[in-house]
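Subject: Structure handover

Hello,

Here is the structure I said I would pass on. My notes on it follow below.

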Amino acid sequence: MPLRNKDILGIAELNVDEIDLILDTADSFSEISQRVIKKVPTLRGKTVVNFFHEPSTRTRISFEIAEKRLSADSINFATSGSSFSKGETLLDTVRNLEAMNADIIVMRHGIPGASHFIASRAHASVINAGDGAHEHPTQALLDMLTIRQHTGSLENLTVAIVGDIDHSRVARSNIFGLVKKKARVILVAPPTLLPHRVDDLGVEVSYDFESVIPKADVIMMLRIQRERQGKVLIPSLREYSRYYCLTPERLKLAPAKVLVMHPGPLNRGVEIDPAVADGPHSIILEQVSNGIAVRMALLFLLGGRSSREQSN
Amino acid sequence: MRKGTEPGTILNESEIRDVIQRFAQEIVSTYPDLDQIAVVGIQTGGAHLGRRLVHAISDRARQEPDFGILDITLYRDDIALEINQPIVRQTDIPFEVSGRNIILVDDVLYTGRTVRAALDALIDFGRPRAIRLAVLVDRGLREFPIRPDFVGLEIATTPDQKVHVRLKEQGESSDQVILEKGD
């Protein structure tokens, strides 16, 4: 079964079969990164543009490595220093990219829905690499892949997502994906950091981290996004830490096989203690490695699709 | 072994067993030092047959040669033409390829395009000393200059015919190769 759409815009748009296809494909791709020659010829002749309108290091590098391992020609295009700063509109910029025959556009933008806007007007496939506080589908897919590699399945797992949920596109995408895969999701945060209409998401909510930890198969810590907070939502980082930092003491309350995750970058000492981040339960660096495999899988699934449509 | 091209079962379970035994015999006598060889099966039929060949070799030589499986999807030349999404399966080559004699195993040899892709995939792992090709059925109609070194059954077919290899590893009740009548 192929993907139904030409784009990957959010987990909300994917059905369970598509999520499984992507994760299964990614599992096969992780082997390529272990080879001496970490490259296959699959996307030779395809052009992928990494269009980042917001600072990003790991996501952009992860996409770039994935593109190169599939032999695609990848072009990085950051907004600073481009004609964007000369007043060109987003759509004009993308039309220019298309006129240069880009096959896939990987796009990060600060405004929710920016990649949807472009995808509906472009022939190229668009992969959303994060749009404001809306979705970050590749992060959720790599998180689900990493969990699945440890547990075999996502069904009936209890996953606690802890921290700045309202500002987190990682949390939103993970909530959509985990709920579709029938995991039990508990959001843990102070009320000011929870989204509105949280009841519609199909999740449970708790303000008390320590009462949730003993139930959790997976604890997913989120970064406190200082740059996204326009107003003061927590009294201080110190106070936040006191209640919501994952410390070695709190981790002792968890089941023996608990998995600790974090999408990065880490605020060591704020939401996660260094001893936990580097400890035996942490699978944070596996998430990073799996990011490449997931992105390779998506590029492969979309890249083959675009040329099939052209030839038909 | 050569048979007519009447549709129906062209290889039954015991014939398939005999083919694997014969391959094992030929390989053991050609390569007395089994450290020099490795068997690589192409996903998915070739991987099952390759595993059987490894067992047949170790029964004779009391030594198990290295075994790997290869998925060639990412090296295909028709990904853009396929209507259906090809499924990427696992590749696992857990040994050093360089300097080895690789016995590449597939179930059916037809156009030669799969083998071409497998050769490209294999040499990305290193520089083998040689690559030999073992196939259960050679149905002719080659489009590339590729020939097998070990052949179970050679038959003449037409492009509209289909050759189905059914193996127990894939959940079949018995092993057989079936030639389906053309249009």
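I begin with one residue pair: in β8(B), B:Ile178 is the bridge partner of B:Thr9. Helices and strands are DSSP runs numbered from the N terminus (H or I with at least four residues for helices, E with at least two for strands).

Before the rest, some conventions. This is a predicted model, in which local features need pLDDT of at least 70 and side-chain atom pairs count only at pLDDT 80 or more, while totals for chains, interfaces and linings use all residues. Residues are numbered from 1 along each chain as its sequence is written, and chains are lettered from A and ligands numbered from 1 in the order in which they are written.

The sheet in chain B

β1(B) and β8 (residues 176–180) of chain B run antiparallel and are joined by three bridges. Two strands count as paired if DSSP finds at least two bridges between them. Both strands belong to an open sheet of three strands in chain B, ordered β1-β8-β7, with antiparallel pairing. At the edges are β1 (8–11) and β7 (162–166) of chain B, each of which pairs on one side only. On average, neighbouring strands of this sheet are turned by 30° against each other, direction ignored. Axes here are lines fitted to C-alpha atoms (for helices, over the stretch in contact), and angles run from 0 to 180 degrees between N-to-C directions.

Chain A overall

Chain A contains eleven helices and nine strands. Its radius of gyration is 19 Å, close to the 20 Å that the globule rule gives for 312 residues, so chain A is as compact as a globular protein of that length. The radius is taken over C-alpha atoms, and the rule is 2.2 Å times the number of residues to the power 0.38. Along the principal axes, the C-alpha atoms of chain A fill a box of roughly 55 × 45 × 35 Å.

Of the 312 residues in chain A, 47% are buried. A residue is buried if 20 or more other C-beta atoms lie within 10 Å of its own, exposed if 12 or fewer, and partly exposed in between, with C-beta atoms placed from the backbone. Among contacts in chain A between residues at least 6 apart in sequence, 75% join residues at least 24 apart. A contact means that the C-beta atoms of two residues, placed from the backbone, lie within 7 Å.

A helix pair in chain A

α5(A) packs against helix α6 (residues 169–180) of chain A at an angle of about 55°, with the axes 8 Å apart. The two helices α5(A) and α6(A) are therefore oblique to each other. Angles under 35 degrees count as roughly parallel, over 145 as roughly antiparallel, 65 to 115 as roughly perpendicular and the rest as oblique. Residues making the contact include A:Ala140 and A:Met144 of α5(A), and A:Val170 and A:Gly177 of α6(A).

Backbone points to check

- A:Gly264 and A:Pro265 are joined by a cis peptide bond with omega about -10°; A:Pro265 lies in the loop between β9 (259–261) and α10 (274–277) of chain A.
- The peptide bond from B:Gln43 to B:Thr44 is also cis, with omega near -5°, and B:Thr44 is in the loop between β2 (37–42) and α2 (45–61) of chain B.
- A:Asn101 is not a glycine but has a positive phi of about 65°. A:Asn101 counts as exposed because it has 10 C-beta neighbours inside 10 Å.

Regards
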